[in-house]
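Subject: Structure handover

Hello,

Here is the structure for you to look through. My notes on it follow below.

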Amino acid sequence: MMEAPQLIERIRLYLLMQGGIRLEEAPAEALYQALCWSLKEEVMACWAACRRKILLEKPRIAYFLSLEYLPGRFTRSHIEHLRAWDVVSEVLHKLERSWDEIMHCELDPGLGNGGLGRLASCFLESAAQGSYPVFGYGLRYQYGIFEQEIWGGKQVERADDWLLFDNPWEVRNDLYATHVYFYGQIQQAQNRHGDEVHLLRDYQEVRAIPYDLPILGRQQTEHPSAVTLRLWSTKESPKNFLLDFYNAGFLDQASENTSLTDVLYPNDQTELGRRMRLKQEFLLVSASLQDILQRHWRIHGNMDTFVDKVRIQINDTHPALIIPEMIRSLTKNFDMSWHQAVEVTKTCCSYTNHTVLKEGLEEWEEGRLQEILPAQHFVIQRLNREFCSAVHQLQRHSPEEVGSLAIVEWGRVRMAHLAFIGSHFVNGVAKLHTKILQEQVFRKLADLGWTGLGNITNGVTHRRWLIECNPKLTQWISEEIGTAWISDFAKIQELAKKATDPRAQETVFKIKQENKEA
């Protein structure tokens, strides 16, 4: 990390070149941006080195698909992972500026609303910490979930303007923009294996622009490692605005595709809301899969190693459409046979279930899915027929039981069953949760032996929820047992030896009291 005078000079130059602002007169918002951009050079160097390493070593890559992320504020996290606290503190002291004043300018990224998003972000941070080759994919919501206000004793939801100011940590990357297709008329064709594939005409085309965010891990070596979180947006692409609908007076339909990444989870009490949700989920899946395929081709130059080098984690049922879309793409664009494409997809995909509640196990009306995604609907139908036929041949289930296991029944497409049947492994996120999945929710599916089912316990990263949140306690722990626990958290158990030490108890109590007073 650079010295304080170098960092001050970088900040001074940025303020001057970007806004014609003198350092001594800079408002808090401008100084915050200048500090972030000055530190970003260090972050980008780590980020570029990690991506270069993947290109050279050609490892197996894990791709994590989630509609939610709750990464928290990036600046404090990046400073911690760069081990730059001392330098930044010295800079602010020399400039006679307050840390709280500067950090108050950063808004929390509104990309999720609960445990699902927090788990996804902790997963990426831990992957960076372990130097694993991982990419995360999500959507760049313009307004996040919502801001809460209380009026007359009742909650009022306001737009969460987390992008009100420029986000210095994201990188817009138009070079890797993708095109996603909705609706359209089916035109039947065959690949060289004789498998039926479907071409679309008269479709709606949506352009998805990627915004990349670096997720750092705190390394003991000179430079931290980094993984990429790529967020797709339809907001900034004029191509997505349908002028013919606008001229015909259908203003809502004219801007529908532009609005796909406006808000996390559109209200699904209306037809428009349900349509937007389904299109959001497919947007994530289609754009991400195209990116995965293109990256694999750039690194390896062929598809021969795809089944060995690619692993895709489906975080809850929202990205489950990756399964029919991957089969469709492999049979149509890469000339694989149907059965080979199904096996490749099943080998590459895994599914994390987060809830046993019925409303959390998504179902889509088959007619709506067929209208919006006609080619993918064909793949789901064929998958369902072949699965039901295979179960029926076992002669252990009645027709009613086969129907209860199916992906499609009574005009409803069960996304959890699609994710289960199309993956090679399914996991719950707590011991009790997984037990309920095994004994109740997926018992009959698990009994088939079709897919593995096990537990991977949920967790959060101590680097944010202890080191960043509680520096006094962190300092005391490191004084008592050393700093190895920061990178290898299993070593925190050495702290248990201090539990009965009156001196240690008194110190921890004092830290708690000081934190409460602060």
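Val-180 stands opposite Val-206 in strand E9. This is a predicted model, in which local features need pLDDT of at least 70 and side-chain atom pairs count only at pLDDT 80 or more, while totals for chains, interfaces and linings use all residues. Residues are numbered from 1 along each chain as its sequence is written, and side-chain values use heavy atoms, with hydrogens and water left out.

Helices (H or I, at least four residues) and strands (E, at least two) are DSSP runs, numbered from the N terminus. Two strands are said to pair if DSSP finds at least two bridges between them.

Buried here means under 20% relative accessible area, with a 1.4 Å probe and protein chains only. Strand E6 (residues 178-182) pairs with E9 over five bridges in the antiparallel sense. Strand E5 (residues 171-172) is also antiparallel to E9, over two bridges; there Arg-172 has Tyr-211 as its bridge partner in E9.

**Strand E1**

Four of the five residues of strand E1 are buried, so E1 is largely enclosed by the rest of the structure. E1 runs parallel to strand E2 (residues 134-139), joined by four bridges, with Tyr-63 opposite Phe-135 in E2. E1 also pairs with E11 in the parallel sense, over five bridges. In that pairing, Leu-65 has Ile-314 of E11 as its bridge partner.

**A three-stranded sheet**

An open antiparallel sheet is formed by three strands in the order E13-E15-E14. Its edge strands, each pairing on one side only, are E13 (363-365) and E14 (408-409). Two antiparallel bridges link E14 with strand E15 (residues 412-414), and Glu-409 stands opposite Arg-412 in E15.

**Pockets**

The pocket search uses a 1 Å grid over the protein atoms alone: a pocket is an open set of points where a 1.4 Å probe fits, with protein on both sides within 12 Å along at least five of seven lines, and lining residues have an atom within 4 Å of a point. A volume is the space filled by probe spheres set on the points, which are joined across faces, edges and corners.

The largest pocket has a volume of about 700 Å³. Its lining has 25 residues, and those nearest the centre are Arg-277, Glu-359, Gly-360, Leu-361 and Glu-362. Helix H9 (271-300) and E13 are the elements that give two or more residues to this lining, and H9 gives the most, with four. By class, the lining of the largest pocket has seven nonpolar, six polar and 12 charged residues. In this scheme Ala, Val, Leu, Ile, Met, Phe, Trp, Tyr, Cys and Pro are nonpolar, Asp, Glu, Lys and Arg are charged, and the others, Gly among them, are polar.

The second largest pocket has a volume of about 570 Å³. Phe-64, Leu-119, Phe-123, Ile-456 and Thr-457 are the closest to its centre among 27 lining residues. Elements that supply at least two residues of this lining include E1 (61-65), helix H6 (115-129) and strand E11 (310-315). H6 has the largest share, five residues. The lining of the second largest pocket divides into 12 nonpolar, 13 polar and two charged residues.

Regards

Methods: Buried < 20%, exposed > 50% of the residue type's maximum accessible area, 1.4 Å probe, protein only.
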